[in-house]
Amino acid sequence: MARYTVRRIIQAIPILIFISFISFFIIRLTPGDPVKVFITPQMTHEQIERTRANLGLDKPIYVQYFYWIKNILRGDLGYSFINYQPVSKEISERFLPTIGLMGISLLISIILSILLGIASAIHKDKFIDNLISKICYIGISIPSFWFAMILIYIFSMKLKLLPSIGMRTIGVYSILDLMKHGIMPSIVLSYPNTAILTRYIRARLIDEMKESYVKTAKSKGISQRQIFYSHILRNSLLPMITILGMNLPSLVSGAFITETIFGWPGMGKLGVSSIFNFDYPVIMAITMMSSIMLVLGNLISDICYSLVDPRISL
Amino acid sequence: MNIKKGLVLLFALVLVLSVGCSNKENVSEKTKDAVKKTEEEKSEKISEGGRIILSVGDDPKVLHPFYATDRSTMTINNGLFDPLFVKDGEDIRYYLAENVSISDDNLIYTIKLKDNLKWHDGENLTADDLVFTFQKIVDEKQNANSYQNFIIGGEPVKVEKVDNLTVKLVLNKVSVPFLSTISGLSPIPKHIFEGEENFEKSEKNQKPIGSGPFKIKEWKKGESVVLERFDDYHGGKPHLDEVVFRIISDPNSEKVAFENGEISTRYIDFETYEKYEKEGNFNVFGFDEGMLNYMAFKLNSEALKDKKVRQAIAYGIDKEELINGGYNSTKYAEPAYTVLASDTLYYTEDVEHYDYNAEKAKKLLKEAGVENIKLTLGYINGSKEQQNQALVIQQRLKEIGIEIELLPLERGAFYQKLLDPSSTDFDLVFNGYVMGQEPDSYKLIFTKEGPYNFAQYKNVELDKKWEEAAIEVNEEKRKTMYEEIQKEIMDDMIQYPICYPKALVSVDKKVGGVEEAKTVPIFMFEDLSKLYLTE
């Protein structure tokens with residue numbers, strides 16, 4: 001296992017370097033100039049060029065990349081072009097709000113999708129299954145910004161039950177207030193995920209129920225309930241590990257649209273703001289964190305697989 | 001105001017031009033009604049304390065007066081740092097300065113500070129701070145935005161301390177716009193920044209020490225910046241306990257938050273202005289932002305090199321129709337006839353107006369010997385107003401035989417092409433600017449070396465006149481020079497002025513003191529200490 005893990009980590013290094021290379025060049029090839037953010041009419045050409053040099057943008061792109069990767073290897077993510085604060089500090093300030101929001105949303109998705117998936121599979125083609133399926137189709141197809149605005153309209157504007165913006169009320173420091181602010185963003189984030197996972201679990205359960213070992217178990221007189229919960233469900237939920245592994249990057253990269261609409265001070269909002277301001281070091285840091293989490297997520301899910309399913313050996 | 005002036009193009013670059021023009025019963029008059037309402041509200045009791053929440057689109061960047069370039073940073077800085085004074089046309093409103101005097105030879109500016117000034121940490125604000133500020137602005141290493149404004153005649157402006165409250169600035173050459181340069185300048189605390197190598201990157205900007213009516217309490221990145229009352233403020237204790245700047249980047253979310261009572265003010269468009277005004281749930285205000293919306297001609301376009309073709313295009317456009325096309329109404333801005341904003345010194349309408357005249361346009365095209373011209377009009381794709389106006393122009397110019405292809409571009413791509421002198425992707429372009437009240441700042445757009453000479457206009461004689469006007473101390477002569485400049489630019493028709501849009505804001509009914517706080521461009525309120533909540 002240890003050897004396998006080490007091997008996978010070593011294999012991931014060229015992948016990450018490749019991702020960083022592609023991302024670095026694509027970001028720099030997008031139209032726009034970070035120096036533009038600092039220009040004022042009074043500035044002379046020399047001042048503008050000095051600003052460019054201060055940001056390290058006066059060198060050829062490949063040299064910039066070389067310096068960037070050198071610093072990254074030393075654990076230095078660089079400084080934000082916008083406020084000159086260390087990128088690591090900028091990210092650490094946004095990390096908790098995002099982890100909290102995304103983590104809760106993922107948890108809601110997992111719990112709800114298992115419950116709904118089971119209900120749907122057990123009552124296949126009946127009213128409950130049809131109802132859940134319709135709810136899922138809406139969840140899969142609804143645009144998140146639109147869904148967010150609908151929720152805000154109903155719960156904030158009409159019913160006045162929930163705040164529409166931010167992570168807390170100014171001057172209020174309570175868990176209840178935090179929860180009230182988090183309800184709508186969590187719903188918006190978890191709904192599409194829940195819908196996809198529910199459909200997946202339903203399909204897996206239905207397929208699994210047709211397997212020959214189910215018939216064998218039945219013929220041996222094992223109760224329907226025991227077969228379902230001890231065998232079918234366990235086997236059906238195994239691939240969920242992969243799906244969850246794939247979801248890991250979103251825990252750190254946040255949700256660009258949802259965080260922006262709800263003014264949630266997380267990584268997603270930071271990402272949007274960085275893109276609009278051409279803040280290359282921050283964009284690169286978020287991109288790389290997501291990539292590392294994706295690679296890690298895959299690795300963790302493979303390891304978990306081998307732990308819970310003895311048929312798979314690494 | 002210097003910073004305001006500094007905002008200028010940046011503002012034009014960062015914002016899409018918006019809001020349209022004309023009709024005499026305009027928003028400023030309606031604002032007077034709103035002000036009357038505010039006066040009525042004054043009879044209501046002021047509730048001392050409390051907080052108002054303003055929204056800004058993004059986190060402030062560097063909370064230091066030397067480096068503010070965007071609206072969020074400038075707005076928050078305005079609460080934290082007081083300027084020396086604000087020059088508003090002929091009027092001067094003093095803040096930190098007691099008075100400013102200019103020597104007879106226009107080479108020495110003497111600034112006397114008020115004697116009760118304190119920094120937010122309780123230290124006295126004195127001439128030493130002011131001397132330090134000026135010294136650091138001209139220190140090339142610090143890369144202050146206004147550095148160039150303090151280099152006059154190739155030399156940095158010299159600063160001398162006269163006494164504990166008085167500072168003398170010595171110029172080696174007359175510069176009439178210099179008073180505007182120091183207007184709006186905010187001193188920085190010497191005891192905080194002395195010895196600091198790079199002000200722009202200083203950690204001290206995270207918790208700035210200022211001199212304004214509010215001091216920083218908390219800055220939660222991505223969420224809010226909370227300012228609390230500065231009890232030792234020289235202008236008297238501010239009414240509010242706190243002013244909060246909530247970071248809301250999505251306009252729809254901002255609208256909901258405002259209507260839900262989660263924020264106290266916001267900028268609005270004309271449709272929302274009319275809605276709020278009709279419903280009466282919120283107070284609405286409109287004021288001149290000093291902004292000009294225009295269509296520029298790119299002179300590297302072969303077809304536009306001939307002045308007659310440019311003039312023909314100008315005559316071929318119906319300005320009122322164009323404004324109506326963008327905004328459905330002509331209530332929210334005045335039509336523009338010259339390249340200066342209407343609040344600029346020496347603004348004149350005594351120029352060729354280019355009133356719609358299709359026959360004249362056709363005749364000019366004939367004289368130019370051109371036919372079947374195809375031109376491309378570039379603009380930012382997110383602007384509904386520009387899209388509509390582009391369609392109006394396309395339709396009108398078709399009537400005089402000019403085919404217009406529309407090129408809406410993503411913001412980043414648009415500005416890249418606009419700033420690139422070699423770009424030939426479009427021949428005509430919609431843009432806008434806020435250049436401040438000093439006409440000298442406009443030379444950045446219309447002189448050969450001007451960094452924002454998008455049109456690539458070259459007029460050696462006029463370039464000379466811009467330079468001469470900047471040092472002309474005789475008021476009448478200077479006025480004549482700037483009027484001649486305007487006439488010549490309009491005659492050359494390198495830029496078709498469209499309108500002066502109004503900035504429109506809505507304010508929660510519970511917020512009072514709007515008139516005293518004075519609605520101004522960029523910051524929304526010039527003096528936050530005057531705002532209060534009503535009981």
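**View 1. A three-stranded open sheet in chain B, with the order S1-S25-S22 and antiparallel pairing.** In this predicted model, local features need pLDDT of at least 70, side-chain atom pairs count only at pLDDT 80 or more, and totals for chains, interfaces and linings use all residues. Residues are numbered from 1 along each chain as its sequence is written, while chains are lettered from A and ligands numbered from 1 in the order in which they are written. At the edges of the sheet are strand S1 (46-47) and strand S22 (511-512) of chain B, each pairing on one side only. S1(B) runs antiparallel to strand S25 (residues 532-534) of chain B, and two bridges join them. Look for B:Ile46, whose bridge partner in S25(B) is B:Thr534. Strands (E, at least two residues) and helices (H or I, at least four residues) are DSSP runs, numbered from the N terminus; two strands pair if DSSP finds at least two bridges between them.

**View 2. A four-stranded open sheet in chain B, in the order S5-S6-S10-S9, with antiparallel pairing.** Because S5 and strand S9 (158-163) of chain B stand at the edges with a single partner strand each, one side of each is left without a neighbour in the sheet. Neighbouring strands are turned by 20° against each other on average, direction ignored. Five bridges join S9(B) to S10(B), which run antiparallel, and here B:Lys161 stands opposite B:Val167 in S10(B). H4(B) packs on the sheet and touches S6, S9 and S10 of chain B; its direction makes about 175° with that of S9(B). Axes are lines fitted to C-alpha atoms, for helices over the stretch in contact, and angles run from 0 to 180 degrees between N-to-C directions.

**View 3. Strand S6 (residues 108-113) of chain B and its alternating side chains.** A residue is buried if 20 or more other C-beta atoms lie within 10 Å of its own, exposed if 12 or fewer, and partly exposed in between, with C-beta atoms placed from the backbone. B:Ile111 is a handy landmark: B:Val100 stands opposite B:Ile111, and in S10(B) the bridge partner of B:Ile111 is B:Val167. S5(B) and S6(B) form a hairpin with five residues between them, and B:Asn106 in the turn has a positive phi of about 60°.

**View 4. A hairpin of S3(B) and S4(B) with two residues between the strands.** Strand S3 (residues 85-88) and strand S4 (residues 91-94) of chain B pair in the antiparallel sense over four bridges. B:Phe85 has B:Tyr94 as its bridge partner in S4(B), and B:Gly89 takes a positive phi near 65°.

**View 5. Helix H10 (residues 319-327) packing with helix H12 (residues 384-399) in chain B.** Their axes are 7 Å apart and the packing angle is about 145°. The contact is made by residues including B:Leu322, B:Gly325 and B:Gly326 of H10(B) and B:Asn388, B:Leu391 and B:Val392 of H12(B). Two residues are in contact if their C-beta atoms, placed from the backbone, lie within 7 Å.

**View 6. Where chain A meets chain B: 40 residues of chain A are in contact with 47 residues of chain B.** Helix H2 (45-54), helix H4 (87-122), H6, H11 and helix H12 (267-276) of chain A are the elements that give two or more residues to the side of chain A that touches chain B. Just after H7(B), B:Gly261 takes a positive phi of about 80°.

**View 7. B:Val138, in the loop between helix H4 (127-137) and strand S7 (151-152) of chain B.** B:Val138 counts as partly exposed because it has 19 C-beta neighbours inside 10 Å. Not counting residues up to four places away in sequence, B:Val138 touches B:Tyr147, B:Phe150, B:Pro156 and B:Val157. The C-alpha atoms of B:Val138 and B:Ile151 are separated by 7.4 Å, although these residues are 13 apart along the chain.
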